[in-house]
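Please look over the sequence and the model below. The report that follows covers a hairpin, its neighbouring strands, a cavity and the nonpolar cores.

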Amino acid sequence: MNPLRLLRIGGSVAAVCAVLAIYSFVLHVNNTTVALSLLLVILGISTRWGLTEATVASVAAVLGFNLLFLPPVGTLTIQDPQNWIALLAFLVTAVTSSQLSARARRRAAEAESRRREIEQLYTLVQAMTLTGNARRTIREFVNRVVQVFGCGAAAVYYQPTGEFFRSGPESSPASDHDLLAASEVTGLTVHAQRTVATAPVRLGGRPLGSLALLAPLPSDQILQAIVNLVAITIEKARALEDASQAEAARQGEALKTALLDSLAHDIKTPLTSIKAAVTSLLGSAPATDHELLTIINEEADRLNQLAAEVIAMARVEAGKLHLERRPVQVADLIEGALSDLAASLKGRPLEVRAGRYLQPAVADPEFTQQVVKHLVENALKYSPEGSPVTITAEEKAGKIVVGVADHGPGIEEDERPRIFEKFFRGRRHRFDTKGTGMGLAIARGIVEAHGERIWVESEPGQGAVFYFTLPVSGADDRSES
């Protein structure tokens, strides 16, 4: 027993003796008054110091009351049976009241302890600042837990990166192995002597890692609240980090699009002058220079096409396609696209199955012709020379479905979902095919701007067929009727 408790027990006995002495030698009152006074003293001791001190004081009070106030006075014997009953009732009352007072005191202390822990938890929440970086947030969290709750040390295992964060370089509340094992269990684990507590960190059933704290530890409820708080804090930091990266990527893409658009416009101006000059020279140049001028003319056309594609891609990504939709015959669209591609076809076998019987489609003629051109150019580029290209158009479920089929090597299954991405090329054609890699991306942007869809069907070695849809003129009116 510690010296402080012995001192309090001595003080309790002294207080009882003082009351007995006062009523024996100074104030002469009846036995009932003496008993009630002793009972008040015992209640005060229980409230102030606890159950052990109050129980010792109760025994001392019973013995003193018997010795000094119950006949025969001066002995511990009792002659009247009624006095035995009174003495027993006094002892039971004293001990019971002491216990009740001690219990109330203990509950008040527990309530005060919970209040302090809740205040500490609130302080921890206030102290946490979301930095938009999960690693920095976790490092700050383990330090704040130690500061706010006075724990010996704290450690967090962060599963997504496999890193361990501790409150200090020498702190070791749990080994790396213990933290890894804790991330696999299902609940809070507290050492029998409450020296270490470990728990998995999860959010919505998704594991994020584990937490370990070194004594002195808060209550189990607060420990669980800390675990939940670290899970929420990590997830919020990750969400902010993802949002920041997404915004940075969006701004970077917007800057790149604006830069490409600006460069393309700047390139088109001198190209126009070069094209005009070369065309003029071709008409009067001697035969020895004609071949060189022809090369300049063709390369100028290629640069002009590249600039046009860059401008179109910039408009698609910026959402600046201003469509002028009107009813148009799909056969006319295909014919106009093929007319622009006459030089590229070079006698290539071409089959068009788009009858005049089809109802008109509602589309922007200029942009839709670009879609057909890009799909045909793609078919010419990725199929053997001399192999046929087939263009079809038919009406299905209120839509005009246009298809462009080739007899090339086809598209691998894992590459099909990315085939319409900007600059994407398949593994087999990554380095041996000319072009910008923007044609299919531009086609998708134009089709989706019409509110329609574009897709590809292919089998390796069997060629590929690219389809896109256009709304039929008057389809909405027919559906309403």
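In the hairpin of strand 1 and strand 2, 4 residues sit between the strands, and G162 there has a positive phi near 70°. Strands (E, at least two residues) and helices (H or I, at least four) are DSSP runs, numbered from the N terminus. This is a predicted model: local features need pLDDT of at least 70, side-chain atom pairs count only at pLDDT 80 or more, and totals for chains, interfaces and linings use all residues. Residues are numbered from 1 along each chain as its sequence is written, and side-chain values use heavy atoms, with hydrogens and water left out.

Strand 1 has two antiparallel partners. Strands pair if DSSP finds at least two bridges between them.

| Pair | Bridges | Residues opposite |
|---|---|---|
| Strand 1 and strand 5 | 6 bridges | Y157 and S210 |

Strand 1 (residues 153–158) is largely enclosed by the rest of the structure, because 6 of its 6 residues are buried. Buried means under 20% relative accessible area, with a 1.4 Å probe and protein chains only. Both faces are covered: A153, A155 and Y157 lie on one side, and A154, V156 and Y158 on the other.

Next, the cavities. A cavity is a set of points on a 1 Å grid over the protein atoms alone, where a 1.4 Å probe fits but cannot get out; lining residues have an atom within 4 Å of a point. Points are joined across faces, edges and corners, and volume is the space filled by probe spheres set on them. The whole structure holds 3 cavities of 30 Å³ or more. Strand 4 (196–203) gives the largest share, 3 residues. Strand 5 (206–214) and helix 7 (220–282) each supply at least two. By class, the lining has 7 nonpolar, 1 polar and no charged residues.

Which residues touch the most other members of the largest nonpolar core? They are L375, V376, I400, I419, F466 and F468, in a core of 43 residues. Helix 11 gives the most to this core, with 7 residues. Such a core is a set of buried Ala, Val, Leu, Ile, Met, Phe, Trp, Tyr and Cys residues joined through side-chain atoms within 4.5 Å. Leaving aside neighbours within four places in sequence, I419 is in contact (heavy atoms within 4.5 Å) with I411, F424, L440, V456 and F466. Another core lies apart, with 31 residues, among them V145, L211, V227 and A237.

Note on methods:
1 Å grid on protein atoms, 1.4 Å probe; cavity = no way out; pocket = protein on both sides within 12 Å on 5 of 7 lines; lining within 4 Å. Nonpolar A, V, L, I, M, F, W, Y, C, P; charged D, E, K, R; others polar. Buried < 20%, exposed > 50% of the residue type's maximum accessible area, 1.4 Å probe, protein only.
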